[in-house]
Amino acid sequence: MADQTNHNQAGEVAPSTVDKQAPNVAEEHAPSTDSPEATDLPTANAPDSNAAKPTATPPKREKPAAKAAVGEKPAAATEEKPAAAKAAKKEKAPAVEDKPFVEFIEQDYLPALQKAIAQQGVQDLQVSFAKQKLPITGFESAEECWQIIGTWKETGARQFNLYFPEEDIQGKKGFSCNEGKKPSTLESFLIDERKITLDLLVFGLVQRLDGQKWLGIN
């Protein structure tokens, strides 16, 4: 079989017929360079859909308000104070113990004392409030002082006196009691308490009368 490869005079191998036709076939099927062809590759002219979108433009800062004119008070200074602040400044209502002495005894202490003694089963107690001499042997020359006098209606022989020589519930206080005879002893009353309140003054006297066995079933 004859060798299909042709040799030229210079000894170089000449291309075969197939090799000569291959470029022509490729050129026939190659796309034309006259019309553009769409490809998947992004070009410099077409925007990339996957590219990051630009961020929104930040809002412009508002200019600060102009300063108040000279001599003009700021708006906050002219506003009224809240109602809560006004209420906080209101004075606290005074306690009953801060009332004038006579007013406190007549309006608060006597009603509370009678109620407390009635709760102990005593219904015939009569209580009065007066400024007079001490009915105690040896104190005839002493000055008059305010006293609470309690007597039992059915057994009038029983009597107690609560004394306020300083006309002050926080001051010195005394107590005496008797059964048909003139009392001879003046006792100190609630001297160990630093501050006397209405409830303490009621409780102290009820406790003292109970110790005398004048309350309840005594």
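Visitor: What span does α5 have, and what span is expected at 1.5 Å a residue?
Guide: This is a predicted model. In it, α5 has 14 residues and reaches 20 Å from its first C-alpha to its last. The expected span is 1.5 Å times one less than the number of residues. For α5 that expectation is 20 Å, and the helix comes close to it.

Visitor: Which residues of α5 are buried?
Guide: They are L198, L200, L201, V202, G204, L205, V206 and L209. To be listed there, a residue must have under 20% relative accessible area.

Visitor: What do the buried residues of α5 pack against?
Guide: They pack against α4 (101–118), β2 (145–152), β3 and β4.

Visitor: What happens just after α5?
Guide: K213 takes a positive phi of about 65 degrees there. K213 is a residue other than glycine. Its place is in the segment after α5 (198–211).

Visitor: Why is K213 called exposed?
Guide: Exposed means over 50% relative accessible area. K213 stands at 53%. Therefore K213 counts as exposed.

Visitor: Where is E167 found?
Guide: E167 is in the loop between β3 (158–164) and β4 (174–179). I169 has its place in the loop between β3 and β4 too.

Visitor: Why is I169 called buried?
Guide: The cut-off for buried is under 20%. I169 has a relative accessible area of 4%, so it is buried.

Visitor: What does I169 contact, leaving aside its neighbours within four places in sequence?
Guide: I169 is in contact with E97, F101, F104, I105, F164, I196 and L201. Contact here means heavy atoms within 4.5 Å. As for C-alpha distance, I169 and T197 are 8.4 Å apart in space and 28 residues apart in sequence.

Visitor: Where does α4 bend?
Guide: A kink of about 40 degrees lies at Y109, shortly before the proline P111.

Visitor: Which residues of α4 are buried, and what do they pack against?
Guide: The buried residues are F101, F104, I105, D108, Y109, L110, L113, A116 and I117. They pack against β1 (125–132), β2, β3 and α5.

Visitor: Which members of the largest nonpolar core touch the most other members?
Guide: I105, Y109, I148, F160, L205 and L209 do, in a core of 32 residues. At least two core residues come from each of α4, β1, β2, β3, β4 and α5. The most come from α4, which gives eight. In general, nonpolar side chains tend to be buried together in soluble globular proteins.

Visitor: What does I105 contact?
Guide: Apart from neighbours within four places in sequence, I105 is in contact with L110, P111, F129, I148, F164 and I169.

Visitor: Why is N161 called buried?
Guide: N161 has 0% relative accessibility. The cut-off is under 20%. So N161 counts as buried. Its place is in strand β3.

Visitor: What makes the pair N161 and Q147 a polar contact?
Guide: A polar contact needs a pair of N or O atoms within 3.5 Å, with one able to donate a hydrogen and the other to accept it. The polar contact that joins these two side chains is 3.0 Å. N161 also touches Q132, P135 and F175, among others.

Visitor: Why is G150 called buried?
Guide: G150 is at 0% relative accessibility, so it counts as buried. Its place is in strand β2. Among the contacts of G150 are L125, Q126 and F160.

Visitor: How many disulfides does the structure hold?
Guide: It holds zero. A disulfide would need a pair of cysteine sulfur atoms within 2.5 Å.

Technical notes: Residues numbered from 1 in each chain as written. Predicted model: local features only at pLDDT ≥ 70, side-chain atom pairs only at ≥ 80, totals over all residues. Heavy atoms only, no water. Helix = DSSP H or I, 4+ residues; strand = E, 2+ residues; numbered from the N terminus. Buried < 20%, exposed > 50% of the residue type's maximum accessible area, 1.4 Å probe, protein only. Bend = angle between axes of the 7 residues up to and from the residue. Core = buried A, V, L, I, M, F, W, Y, C linked by side-chain atoms within 4.5 Å.
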